[in-house]
Amino acid sequence: MKLEIIGITVLWVFLYGYLIVASIDFGAGFFSYYSMLTKKDHIINNIISRYLSPVWEVTNVFLIFFVVGCVGFFPDTAYYYGTALLIPGSIALILLTIRGSFYAFANYGARQSRVYMFLYGMTGLFIPASLSTVLTISEGGFIEKVGTEVVFHADRLLTSPYSWSVVFLALVSILYISASFLTFYADRAGDTAARELLRKYTLFWSGPTILASLLVFWSLSKHNPVHFENALSIGWMFGASFLCFCVAVYLMWKRQNLGIQFIFVMFQFAYAFFGYGMSHMPYLLYDYVTISSALTNSTMGWALVGAFIAGLFLLIPSIALLMWLFLFNAKYVRGEK
Amino acid sequence: MDSVFWSRVLTETTLAFHIIWATIGVGVPVFISLAEYWGIRTKDPHYILLARRWTRGFVITVAVGVVTGTCIGIMLSLLWPKFMQLAGNIISLPLFMETFAFFFEAIFLGIYLYTWDTFKKPIYHWLTSIPIIIGSTMSAVFITMVNAFMNTPTGFTIAADGKLMDIDPIAAMLNPATPSKVAHVVSSAYLTSGFLLAAIAAYHILRGNKHVYYKKALRLTMIAGLIFSLLTFVAGDISGKFLAKHQPAKLAAAEWHFETQSEAPLYFGGVLDKETNEVRYAIKIPNALSILAGNSTKTEVIGLNDIPKENHPPLYIHYLFDIMVAIGVYLALVSAVFLYCWWRKKGSEWNKWLLRAIILGGPLSFIAIECGWIFAEVGRLPWIITGIMRVDKAATTSDSVALMTILFSILYLILTIVALVVLNRLFKNQPAEAELENMPSQGN
């Protein structure tokens, strides 16, 4: 296999991992805050905090891993995106900082506070919004190379319908993924009240995710017709995504096999996310940077692949232990430990 | 002010802030693990409580360390895109491995925090602290390798057309600066964390908290403190020899050393006359610089006059170096005096002035960390990668850096205040005495 394909696949898998774990985390923050406002926090907060407490730190790592891996495999991306993303990147960083630290303050500190909960809930919506602009920018048209300078057109980004439809998709997906997972978790914990409330949230947000996806397709066809054509040529992936969605919603509706339900949600997003990624190829930044033009030298590339494989040998057993202790350990989930 | 200036300010601010939490993040797990192990070994619940309480504070600090680490990790690409483009080609391997090390640490920290009473044998819980230490220390090691590369870049050649050739990622990782830097960073992080925890224990004893719990905490941290301060000395000495050989400009600027000569004296403090390059009011130690540079008075030390002026680092780093060294000596002395008094068994180690000196050692050790890092970074100027890329050629061209600097500074200020308030409340609401009453008394 070619090095650049291995590199982008590894990175894309990690970004997908981030998409899932971060969505659960971001959505959970929003639901905690929302349920506090609607005085339903006693129903779901236990479930949320029992899941999040041991794993929140792990979430951030997926993102760092993606960024560092990107610079490692494709150093030119650091140059283009680094220059262009100063403002959206810094805003996302500030929000991530606030979110992470205030989560710890609220959770390990002495008391709950409305301000902490507010910050924790709201940052969960704004971070994905600002991070999703990176994918928008990669479609081209927002970064221009003038002479030796890289110029970023923020005004175009803010007025682009495509950009806003991506933000919309990011927000509703987060709430949907998160609610779907938490419903499953509440079910395992045998907490019927929480399960019912979260099930309602899941069903409520399921429709909008499909609507938002269609919107993204439509605006992409206007913004970058080449990418849109490529996406149509692998249209079966998006069809498969929709099928998985239907199965997941059916299971949720029937309250059956909620674990399988969540796996179908993961497949729904996997098909869509990898379909998007494959049709995006070979560009990392449309028209300027491709995976071959930006690829690092082969020595470094293979060294990174080697380090990655060695790392997996270390991480997979550790993650398995973490999941065994907290996710699939019925006693812990029920709060008996 | 241009984007280079503001990029430097923002990077400096972020690093200066992050290094405090990162140092705690690297060092404190060692002490938590030590206390828990000793508690299990001697069946003394006081040490277990010590480990538990340190852990509770640690998670707050580690959270700030994680988020600011995320900031600096991504900020490097945002502020120094050309540097990262080049660095990505040669030194991205340890950066990549650092994320794995951190991942490993994060997973086991989650496990450690929530399994205090899960295992039948307490030693299993202690075992989960080992990956935390490995993860956090290896994070520091890998990141320091990247920094070492910036000081002494190796593992590649540059062709006539500017293309990078013969890239060897392992040689880049194991560049000449790596051994001394890694040793110095890790040992000083352990030392600083030890003094932080010692200062807290000493503060409680000084305030009149009589419980033996605090005395045990202080003895443990002081023993480790002396060991780590000696190790830090050795690492510092190795660093001096490394600088003399590979980064003579940094050493010469730090020591205000102008004429290349053997039997070079070392100046401590003082004022530099910029016209004549004469050092006044300093403590002059004959031959000491030659000994620092090569263990012999005969060692020739390169002076600034033999280095092109445009490659001189700023000369104020002399003071940073001196402060760092002075604090290092102070910490070693304080812990040695404490242990000597304890050994003489007259109880004189609880002397109020000695306790005050230990408390002072807490903040001082952090000042030493800051001085050391600023010295290391400013001393590399004008280079971002020595001999390869200048700082002013590496920065972003964006004109919004000033605004971002202001935003991040406000953020760091708020985080500091809130973190301190939260930590204070956390321990005030649940004093050790209250927890001690709920356990069987033992092992006084």
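Angles under 35 degrees count as roughly parallel, over 145 as roughly antiparallel, 65 to 115 as roughly perpendicular and anything else as oblique. Keep that handy for the exercises below.

This is a predicted model, where local features need pLDDT of at least 70, side-chain atom pairs count only at pLDDT 80 or more, and totals for chains, interfaces and linings use all residues. Residues are numbered from 1 along each chain as its sequence is written, while chains are lettered from A and ligands numbered from 1 in the order in which they are written.

**Exercise 1.** Work out how helix 1 and helix 2 of chain B are oriented to each other.

*Solution.*
- Start with the spans: helix 1 of chain B covers residues 3-42 and helix 2 of chain B residues 45-79. (Helices are DSSP runs of H or I with at least four residues, strands are E runs of at least two, both numbered from the N terminus.)
- Next, the geometry: their axes come within 7 Å and cross at roughly 155°. (Axes are lines fitted to C-alpha atoms, for helices over the stretch in contact, with angles from 0 to 180 degrees between N-to-C directions.)
- Helix 1 and helix 2 of chain B are therefore roughly antiparallel.
- As for residue classes, their contact has 24 nonpolar, 11 polar and 1 charged residues. (Ala, Val, Leu, Ile, Met, Phe, Trp, Tyr, Cys and Pro count as nonpolar, Asp, Glu, Lys and Arg as charged, and the others, Gly among them, as polar.)

**Exercise 2.** Describe the side of chain B that touches chain A.

*Solution.*
- Count first: 60 residues of chain B are in contact with 53 residues of chain A. (Contact puts two C-beta atoms, placed from the backbone, within 7 Å.)
- Then find the helices: helix 2, helix 3 (81-90), helix 4 (92-114) and helix 15 (401-429) of chain B each supply at least two residues.
- Helix 4 of chain B gives the largest share, 18 residues.
- Sorted by class, this side of chain B has 39 nonpolar, 17 polar and 4 charged residues.

**Exercise 3.** Decide whether B:Phe149 is buried or exposed, and find its partners.

*Solution.*
- Locate B:Phe149 in helix 6 of chain B, residues 129-151.
- B:Phe149 has 25 C-beta neighbours inside 10 Å, so B:Phe149 counts as buried. (Buried takes 20 or more other C-beta atoms within 10 Å of the residue's own, exposed 12 or fewer, partly exposed in between, with C-beta atoms placed from the backbone.)
- Skip neighbours within four places in sequence, and B:Phe149 is in contact with B:Ile91, B:Ala172 and B:Asn175.
- For context, 51% of the 444 residues of chain B count as buried.
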